[in-house]
Amino acid sequence: MSQLSVTSFYNNSKIVQRLILWIRENAINSKSTAITSGAALAVTLLVLTKLWRRRSDKDTPTPFIGIPTPKGCRPIVGHLLTIGPDRIQKFHEWHKEFGPIFHIKLGVNNTLVVADPYITHDLLVTNGKHTSNRPAGIFMHDFGSGGLGGIASLQSNDDMWRTVRRIIDNSLDPHKIRNEFSPVLHKEAEEYVDLVATGENIDPLPHLLRVSLNFTLIITFGVRTTSIDDPVYKKAIYCITKNMSFSDFKHVGGMFIPTLKLFDPILGVRKDVNDHMEKHCIPFYLEQVEKALSNDGYNLTKVLNDELNEGKKTGPYHILLPTINDVVVAGTDTTAVTITWAFLQISTMPEVQKKIQGEIDIFVKKNGRVPYFWERGETPYMIAVQRECFRMRPTTEFGISHAASQDFEWNGNYIPEGTWIMPNNMEAHLNPAKYPEPEKFIPERFLENYETMTASANGGAKERDQFNFGWGRYVDTKIK
Ligand code: HEM
């Protein structure tokens, strides 16, 4: 962006010089010097900002000019109040009225909401070098590491992000999962089935949370929990749930309306988070880190610690704790919620269940055991059902927003730095051009596709089955 030089503006503006003169005179002559000069200074700053903005606006192209903006944008709050409590419905209405992409203001943040997967791909993948930042302030929990965030809050052009991302990608590589973790993960699945397949009515969520948690704990620290009464399970779920609760308006409102940050000390916003970190999360993670570092087997903590802290067994662990927290939070709730939704969907579809059972029975008869992850080609219908469940009920209905790292031009539109790009997965998954009869549950649409979800997540918008795992550089790590 061609920005007007502030210094040259101050030097050249006669209005400014007159104002400065006026302040000086008043400040010296008036008895109520402090009040007068304070008020004058405030007025000056206001005038200066307005003038400066107007001057710099002249040099700057108008942003979003070809992209529609719904009515109802108010000063300070933007469209926040107009959206109302049901943003899925409101965005659906706006897409109907304005098409696959529209511009809104979430507080002060310019945001593009995109429903069409081809447009999202173009913005977040093809133009990824301009759109691979995280919105500022997102996911920042203070682990006493000097304000360092973990992988989810690092920017993708940061060397640290590349290092951490490479290590996590390697740790979650399907080959590693197959060779080192598969037997353990199979035992987890078997234990889960024994617990819930009792013929009684059982809420599957707590047990699913434990299976998902065990997956992330085994990979991250080489430890597991033994039941939902296990203190490690209780503590971990408490930390995760509480961490996620910090995304409520009280804690993130300042990201949208910066003046709200003035009230943070009164509302105890940072204190809430810091207390939780100091009293619960840090001790919990430090305990797990100690176990992980003395563990003989492979685990993510060891590899991260070798690279980031030269393998030291004590110390601040710098970026290690926030990164571990991100992996545990990102992996546990998402997986459990996704499977719970899938169970809920097929619970009313006995025909679908029978077909899945039929496929598994054939495999078991032939091999004397249930199929492994890499044998999914033997159960194509079950894999297709999984994909259809993902499509119908996306766990991340609006993904995780990316932000423009610099001004750029897109299709003749000027998109300023900092613009948020929000993929509307809910709408993308109902795109009739990509999914004929999108409102219907039709697993057969995916029968030809049983490659891993990692492979499909890294394909083009046409090849991808669904968009739950995100886009571009940040697309979820290689786990599926
Ligand atoms: C069904 C389960 C899951 C869903 C739906 C899901 C979804 C997502 C999404 C939408 C993103 C953001 C991508 C973007 O910004 O465009 C993400 C990032 C991430 N996920 Fe997952 N995830 C799941 C499971 C997991 C698991 C099991 C782990 C780890 C054990 C994990 C670790 C991560 C990490 C570390 C990131 C941050 C990547 C980065 O910032 O570079 N996720 N996930």
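Mentor: Start with burial. A residue is buried if 20 or more other C-beta atoms lie within 10 Å of its own, exposed if 12 or fewer, and partly exposed in between; the C-beta atoms are placed from the backbone. In this chain of 480 residues, 30% are buried.

Trainee: What kind of model is this, and how are residues numbered?

Mentor: This is a predicted model: local features need pLDDT of at least 70, side-chain atom pairs count only at pLDDT 80 or more, and totals for chains, interfaces and linings use all residues. Residues are numbered from 1 along each chain as its sequence is written.

Trainee: What average pLDDT does the chain have?

Mentor: pLDDT is the predictor's confidence in each residue, from 0 to 100. The chain averages 84, and 82% of the residues score at least 70. Where pLDDT is low, the predicted coordinates should not be read in detail. Residues 1–17 stay under 50. Residues 19–36 are also below 50.

Trainee: How many helices and strands are in the chain?

Mentor: Both are DSSP runs, numbered from the N terminus: helices are H or I over at least four residues, strands are E over at least two. The chain has 20 helices and 6 strands.

Trainee: What share of the contacts join residues at least 24 apart?

Mentor: Two residues are in contact if their C-beta atoms, placed from the backbone, lie within 7 Å. Take the contacts between residues at least 6 apart in sequence: 68% of them join residues at least 24 apart.

Trainee: In what order do the strands of the open sheet run?

Mentor: Two strands pair if DSSP finds at least two bridges between them. Here 4 strands give the order S1-S2-S6-S3, with mixed pairing. The edges are S1 (101–106) and S3 (402–403), each pairing on one side only.

Trainee: Which pairs are parallel, and which antiparallel?

Mentor: S2 (residues 109–114) and S6 (residues 420–423) pair in the parallel sense, over 4 bridges. Look for Leu 112 opposite Ile 421. Thr 111 has Trp 420 as its bridge partner. S3 and S6 pair in the antiparallel sense, over 2 bridges. There, Ala 403 has Trp 420 as its bridge partner.

Trainee: Which residues cover the two faces of S6?

Mentor: In a regular strand the side chains alternate between the two faces of the sheet. In S6, Trp 420 and Met 422 lie on one side, Ile 421 and Pro 423 on the other, and all are buried. Find Ile 400 too, in the loop between H18 (380–392) and S3. Ile 400 and Met 422 are 22 residues apart along the chain, with their C-alpha atoms separated by 6.9 Å. Ile 400 is partly exposed because it has 17 C-beta neighbours inside 10 Å.

Trainee: Which residues touch the most other members of the largest nonpolar core?

Mentor: In soluble globular proteins, nonpolar side chains tend to be buried together. A nonpolar core is a set of buried Ala, Val, Leu, Ile, Met, Phe, Trp, Tyr and Cys residues joined through C-beta atoms within 7 Å. The largest one has 37 residues, and Ile 151, Val 164, Ile 168, Ala 236, Ile 324, Val 327 and Val 328 touch the most other members. Helices supplying at least two of its residues include H11 (231–245) and H14 (269–294). H16 gives the largest share, 9 residues. Ala 236 touches Leu 213, Phe 284 and Val 328, leaving out residues up to four places away in sequence. Another core, of 25 residues, lies apart; Leu 106, Leu 112, Ala 428 and Phe 467 are among its members.

Trainee: Which residues come nearest to the ligand?

Mentor: A residue counts as near a molecule if its C-beta atom, placed from the backbone, lies within 6 Å of it. There are 26 residues around the ligand, and Gly 331, Thr 334, Gly 470, Tyr 474 and Asp 476 come nearest. H8 (159–171), H10 (204–221) and H16 (320–346) each supply at least two of the shell residues. H16 has the largest share, 7 residues.

Trainee: How does the shell divide by residue type?

Mentor: Ala, Val, Leu, Ile, Met, Phe, Trp, Tyr, Cys and Pro count as nonpolar, Asp, Glu, Lys and Arg as charged, and the others, Gly among them, as polar. The shell has 12 nonpolar, 11 polar and 3 charged residues.

Trainee: Which backbone angles should I check? 

Mentor: Most residues other than glycine have a negative phi. Asn 411 has a positive phi of about 50°. Asn 411 sits in the loop between S4 (408–410) and S5 (413–415). Asn 411 is exposed because 12 other C-beta atoms lie within 10 Å. Phe 64 also has a positive phi, about 55°. Phe 64 lies in the loop between H3 (33–59) and H4 (80–83).
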